[in-house]
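Have a look at the sequence and the structure first, then read on.

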Amino acid sequence: MKKIIAIILSMMMIVTVTSCGSSSANTESSSSSNVENSVSEETTDVSAEEEETTEPVDITWLGYYTSNIPVAEDSYAEHVLEDYFNVNITPVTDVTQDTMDTFIASGDILDVTCYSYYMENDYQYMLDQGLIRDFPEEWLWEYYPTGMKILQEWLGEEFFEDGNHLVDGKCIYTPWVEGKTYSTSVLVYRKDWMDNLGMSEPTTLDELHDLLYAFTYNDPDGNGQDDTYGIDSIYAWRGLWPVMGAFGMATPDNYHLNDDGTVTYNAATEDYRTALGIIKEWYDEGIIDPECITDDRAAVRTKWADGRTGAMVDSETWFYSYRGSSNIIALVEDLAGENTVDVMSALTTEYGDGNVYSNADFPSACGVASMFFTANATDEQVITVLKMLEGMSSDHDLMIKILYGEEGVDYTMNGEQLVVNPSLTVEDKAAKGIDFTYYGAAVQDDYIANLTFSERDLANIEKSQSFPKIHGTNFSMNNCQNDSYDLYQSEITKLVQEYYHNVLLGNSNLEEGWDQYISNLSTAGLDQVIAEYEEKLN
């Protein structure tokens, strides 16, 4: 930018430097238009001494990394954005996903300009409490047109015409979607173990059970020791979804709006009761690691990487090669060798309609990289951030820098595919401020979204997408303020989790104990939550 300004000065032209790139940039453009988009088209023939400069806009930015590692100050991405958009960024470096609630409760959130969406936070509550602000909906189209055009192509014009990106009719966040396919549950397994046992990839839920049984008892790694389990699973994160998916549900802790206007809660249905009975059978057989009762996501991944489990469930986006050594395939193959892991393709079942469904995030406009603005954010700051998002969405070179860092250091190009340095860790990303959950919160077009996919990625995506999908919660419910949910859901969820664990451990019975469990849910407020949903959605 400085070189261009010098040229303009030498021509004795005055420019008004904006706080970001032009909002009219085409999605297919690259960095050749960056600087041209960073200056106003209005110029005046006056002397250089009369030039008026624009002071940088101050932005306090809060993002997060899923591994709860704080971003570094003075990072590579921070300086790229400051130089490109004439802003002064102060990153929040002492808050992680786990400590966000405490940060909000302290009131320090009001010192922040913008922050990424955190799944555990109730943005309606924050709006009601005056912690975040709304802004004119038309600003999205005026200052962030490229991103909105991409989203409109993905979600449809009616999505926005119907106000599905608003909360109670107010615009309080920047829409964001994690790609066209959205985040889908996936099951990965040890292909080398399967080959060692002379077995084939399962095509039915029963065959999956048989493979997990063999992984547990037939010494799949050939070390002569009884030290492996078929699978480990955490309840709170998608559960053992292939079993749940056999009954057309995503996870226990989801509500569903039926065609007749009634609302059901998965964990209170007879289908869930049957599914939990199957999981109990698998648990009693010993093919599910018994420590699933206490294991968190990190523990599940550690056992998977160490060769103690033969399969694991996660999200599709975590097998993409761009995640480098952190992706769930590399966790094993970096130690066990190439092609020792594979992705499960669609399964059939004797239950339900014969399909095993995988859980997929509903195509909501509010995702992990949606940006919220706190109550103290000025109009200028909000507009500046929107323009920053526009610049990233419209400029491929800039977006690549913010998402992937420096070519030759953090990534290389293999033809048209961007290959992330396999040694790059989440800690490395946090040190440089790169990745989509911190600064790179702009919507990615197809070019950027597909840039890192290898041939293997594409083949694996085809496998995971072969499962028919069931959405965790209807969008209309995601977008519905339910006061009863806010009041009672934490206790309801606690009861569901306790019952799930007690059934596995044999402390509760699915026959005699079921009615009492349903009664406990009702007492905890489930009936009120369902009634309020039905009232507001019909």
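In this predicted model, the axes of helix α3 and helix α16 come within 8 Å and cross at roughly 155 degrees. Axes here are lines fitted to C-alpha atoms, for helices over the stretch in contact, with angles running from 0 to 180 degrees between N-to-C directions. Angles over 145 degrees count as roughly antiparallel, so α3 and α16 are roughly antiparallel to each other. Helices are DSSP runs (H or I, at least four residues) and strands likewise (E, at least two), numbered from the N terminus.

| Helix | Residues | Residues meeting the partner |
|---|---|---|
| α3 | 76-85 | Y76, A77, V80, L81, Y84 and F85 |
| α16 | 396-404 | L398, K401 and I402 |

By class, this contact has eight nonpolar, no polar and one charged residues. Contact means heavy atoms within 4.5 Å.

Now to another helix, α13, which spans residues 297-305. Among its residues, V300, R301, K303, W304 and A305 are buried, meaning under 20% relative accessible area with a 1.4 Å probe, protein chains only. Their cover includes β4 (185-190), β8 (309-315), α14 (330-336) and β9 (341-343). Just after α13, G307 takes a positive phi of about 80 degrees.

How confident is the predictor? The average pLDDT (its confidence in each residue, from 0 to 100) is 86, and 86% of the residues score at least 70. Over residues 1-51, pLDDT stays under 50. Where pLDDT is low, the predicted coordinates should not be read in detail.

Residues are numbered from 1 along each chain as its sequence is written. Local features need pLDDT of at least 70 and side-chain atom pairs 80 or more, while totals for chains, interfaces and linings use all residues, and side-chain values use heavy atoms, leaving out hydrogens and water.

Technical notes. pLDDT = per-residue confidence, 0-100. Buried < 20%, exposed > 50% of the residue type's maximum accessible area, 1.4 Å probe, protein only. Parallel < 35°, antiparallel > 145°, perpendicular 65-115°, else oblique. Nonpolar A, V, L, I, M, F, W, Y, C, P; charged D, E, K, R; others polar.
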